[in-house]
Amino acid sequence: MTQEVEIEFKSMLTKKEYETLLQTYKLEDQVRWQANDYFDTPSFQLKEKGAALRIREKKQGQVLTLKQPNDVGLLETHATITKAEAEDLFKYGIIHDDQMKQALAPFQLSAPLEHLGRLETHRAEHQMKDGLLVLDESHYLETTDYEIEFEVTNEEAGRRAFERLLAEHGLPYRPAKNKIVRFMELKMNPLEG
């Protein structure tokens, strides 16, 4: 199990803006597929506390991640899991990893976890001097959206670099909630999507 603090800035994009940025940074051939499967209790106990649990599937395997609020950014707790362990979470809401169980303990979940759905992303990344540029096209609950993310290690410097990046490309800032928040809001209120 590993833990890290995620500090990122993000903005929603139009499809045209997304495609233009892919071309600008020559990333058309660098787009990779990944899927996030989200879990919570039927009454959304994790969401109520600002936390989220997902399995991210990439070509090289599956990682179970708990994201929770932190003083700066989000605290992410990761555990690599096997296909059998993933299957137990999908079918029965069972987590085998002891350290992940420990990380979830403070949430005092009163009901089993259940699979809420899947979000698939086509992602391109480009390392820049000030941070990691991430371009995402996401598909979930019959919705497609586009966003730019900028992952940094220093919040203050990262914010300035992100603002410069948007300005350089003539992009307006459009507030972007985390993918899991967008997914959950649409899941809970499908008529608003």
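Leucine 74 is buried, with a relative accessible area of 17%, where buried means under 20% relative accessible area, exposed means over 50%, and partly exposed lies in between, using a 1.4 Å probe and protein chains only. Its place is in strand β5, and strands (E, at least two residues), like helices (H or I, at least four residues), are DSSP runs numbered from the N terminus. The model is a predicted one, in which local features need pLDDT of at least 70 and side-chain atom pairs count only at pLDDT 80 or more, whereas totals for chains, interfaces and linings use all residues. Residues are numbered from 1 along each chain as its sequence is written, and side-chain values use heavy atoms, with hydrogens and water left out.

**Leucine 74 and glutamate 6**

- Leaving out residues up to four places away in sequence, leucine 74 touches Glu4, Val5, Glu6, Lys67, Gln68, Pro69 and Asn178, where contact means heavy atoms within 4.5 Å.
- Glutamate 6, which is placed in strand β1, is buried as well, with a relative accessible area of 14%.
- With residues up to four places away in sequence again not counted, glutamate 6 touches Lys67, Gly73, Leu74 and Glu76.
- The side chain of glutamate 6 also makes a polar contact with the side chain of lysine 67, at 3.2 Å; a polar contact is a pair of N or O atoms within 3.5 Å, and within protein one must be able to donate a hydrogen and the other to accept it, while residues adjacent in sequence count only if both atoms are side-chain atoms.

**Helix α1**

- In helix α1, which covers residues 15-24, the residues Glu17, Tyr18, Leu21 and Leu22 are buried.
- Seen down the axis of α1, these buried residues fall within an arc of 140 degrees, so they line one face of the helix; the arc is that of the directions from the helix axis to the C-beta atoms.

**Pockets and the cavity**

- Rolling a probe the size of a water molecule over the atoms shows where empty space is left.
- On a 1 Å grid over the protein atoms alone, a cavity is a set of points where a 1.4 Å probe fits but cannot get out, and a pocket is an open set with protein on both sides within 12 Å along at least five of seven lines, while lining residues have an atom within 4 Å of a point.
- The largest pocket has a volume of about 630 Å³, a volume being the space filled by probe spheres set on the grid points, which are joined across faces, edges and corners.
- Its lining is made by 33 residues, of which Glu6, Arg54, Arg56, Glu76 and Glu151 lie nearest the centre of the pocket, and the largest share of this lining, six residues, comes from β1.
- By class, the lining of the largest pocket has eight nonpolar, 10 polar and 15 charged residues, where Ala, Val, Leu, Ile, Met, Phe, Trp, Tyr, Cys and Pro count as nonpolar, Asp, Glu, Lys and Arg as charged, and the others, Gly among them, as polar.
- The second largest pocket has a volume of about 310 Å³, and of the 15 residues that line it, Glu8, Phe9, Lys10, Glu155 and Arg159 are the closest to its centre.
- The structure holds one cavity of 30 Å³ or more; about 40 Å³ of space lies in the largest cavity, which is lined by Leu64, Ile81, Glu85, Leu89, Ile94, Ile95, His96 and Asp97.

- Most residues other than glycine have a negative phi, and most peptide bonds are trans.
- Just after α1, lysine 26 takes a positive phi of about 55 degrees.
- Leucine 141, found in the loop between β7 and β8, has a positive phi of about 45 degrees although it is not a glycine, and leucine 141 is partly exposed, with a relative accessible area of 35%.
- Glutamate 142, found in the loop between β7 and β8, has a positive phi of about 60 degrees although it is not a glycine, and glutamate 142 is exposed, with a relative accessible area of 87%.
- Leucine 74 and glutamate 142 are 68 residues apart in sequence and, C-alpha to C-alpha, 27 Å apart in space.
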